[in-house]
Amino acid sequence: MNEEKRRFINRLCSSEGIIGALAIDQRGALKKMIAQFKGSEAEDTEIVEFKKIVASELTEYASSILLDPDYGLPAADVKNENSGLLLAYEKTGYDTSTPGRLPDLLASWSVKRLKEAGADACKTLLYYDIDESEEINHQKHAFIERIGLECQAEKLPFFLELLSYDATIPDSTSKKYAREKPHKVIEMMKEFSKTRYGVDALKVEVPVNMKYVEGYGIDEAIYTKSEAAAFFKEQAEFTPLPYVFLSAGVTSGLFQETLHFAKHAGSTFNGVLCGRATWADGIKHYVLDGKEAAIEWMNTQGRANIESLNTVLKETATPIDFNRF
């Protein structure tokens, strides 16, 4: 990692060297969340406005924010000046008419243009099944290699968000998939930690479904606490890269419990890129009661969510060691 990349990543961190970032680069998912309360399709103006509310009210308490160029640039203009900025490079969703959940990039953007728009890092999301066919996975490998080279040319940090799946198991929340998840998450982290991809940091899932860890969910457990802890420890040992956890839509409370569990298990995660666990409940107030009600919610419950998460991060996350690069 060159010195310019180090400076950019430092902008994304707290003074303690921990990434406590807000993620609101959702596009299709956010439209669905708004439509759920609205009863009709979300307007583009509503997506833009809600992102602006989150950015203006909550980035004072976050080390950085992840946004998208589609709807998020107005929000980037109103974020706290001390908060770093990650911009997403990928298109939202994937083509369901072809196998493999193949990725694609925003047609009118490049890493150079993301940097010119003020990004401190480029973020790209990749759905990946380590056990899928070589034909599909080789396409994904080449795709990530190209982005890595772009980021290297622009000296902009490359954050790779990895979402695991199994092509033969439709429901990723199922007990069947939960048994496969540790293998899927850990092996894909191992793959994309290779230097050939040029990745500077990973945004990843925790290696287990916490609902199926004894004592953490209402469902029948499939991992003992010691088994789950071993997976967290193994995850840390399989990558030399900094990595942060995503919240995957779970509640704020469960996510914070998970971070404590990870710490006690020996995980060396370097922070979080946390989305819906922080701001999702504000959507109801925005849609049903209006902008001012959403702002009020952000400054009360939204702020409480992120400040309590920051407290947990100070207790659990490992500061990034820039001397490693």
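Colleague: How are two packed helices described?

Modeller: Two packed helices are described by the angle between their axes and by the distance between those axes. In this predicted model, helix α11 (residues 282–289) and helix α12 (residues 291–316) pack at an angle of about 160°, and their axes are 7 Å apart. Angles over 145 degrees count as roughly antiparallel, so α11 is roughly antiparallel to α12.

Colleague: Is the crossing of α11 and α12 left-handed or right-handed, and which residues make the contact?

Modeller: The crossing of α11 past α12 is right-handed. On the α11 side, the contact is made by Gly-282, His-285, Tyr-286 and Asp-289; α12 contributes Lys-291, Ala-293, Ala-294, Trp-297 and Met-298. By class, this contact has five nonpolar, two polar and two charged residues.

Colleague: At what angle do the axes of α2 and α3 cross?

Modeller: The axes of α2 and helix α3 (residues 44–58) cross at roughly 105° and come within 10 Å. An angle of 65 to 115 degrees counts as roughly perpendicular, and α2 is therefore roughly perpendicular to α3. The contact of α2 with α3 comprises four nonpolar and five charged residues, with no polar ones.

Colleague: Turning to the largest pocket, what is its volume, and which lining residues are closest to its centre?

Modeller: The volume of the largest pocket is about 1,300 Å³. It is lined by 44 residues, of which Leu-163, Leu-246, Ala-248, Gly-249 and Arg-276 are the closest to the centre.

Colleague: Which elements give two or more residues to that lining, and how do the lining residues divide by class?

Modeller: The elements that give two or more residues to the lining are α2 (28–38), β4 (121–128), β5 (158–164), α7 (175–192) and α9 (252–265). The largest share, four residues, comes from β4. By class, the lining of the largest pocket has 18 nonpolar, twelve polar and 14 charged residues.

Colleague: To finish with the backbone, what is the phi of Arg-101, and where does Arg-101 lie?

Modeller: Phi of Arg-101 is near 50°, a positive value in a residue other than glycine. Arg-101 is located in the loop between β3 (84–88) and α5 (111–116). Lys-155, also not a glycine, has a positive phi of about 55°. The loop that holds Lys-155 runs between α6 (134–154) and β5.

Conventions. Residues numbered from 1 in each chain as written. Predicted model: local features only at pLDDT ≥ 70, side-chain atom pairs only at ≥ 80, totals over all residues. Heavy atoms only, no water. 1 Å grid on protein atoms, 1.4 Å probe; cavity = no way out; pocket = protein on both sides within 12 Å on 5 of 7 lines; lining within 4 Å. Points joined across faces, edges and corners; volume = space filled by probe spheres on them. Nonpolar A, V, L, I, M, F, W, Y, C, P; charged D, E, K, R; others polar. Axes fitted to C-alpha atoms, helices over the stretch in contact; angles between N-to-C directions. Parallel < 35°, antiparallel > 145°, perpendicular 65-115°, else oblique. Left-handed = near helix turned anticlockwise from the far one by under 90°. Contact = heavy atoms within 4.5 Å.
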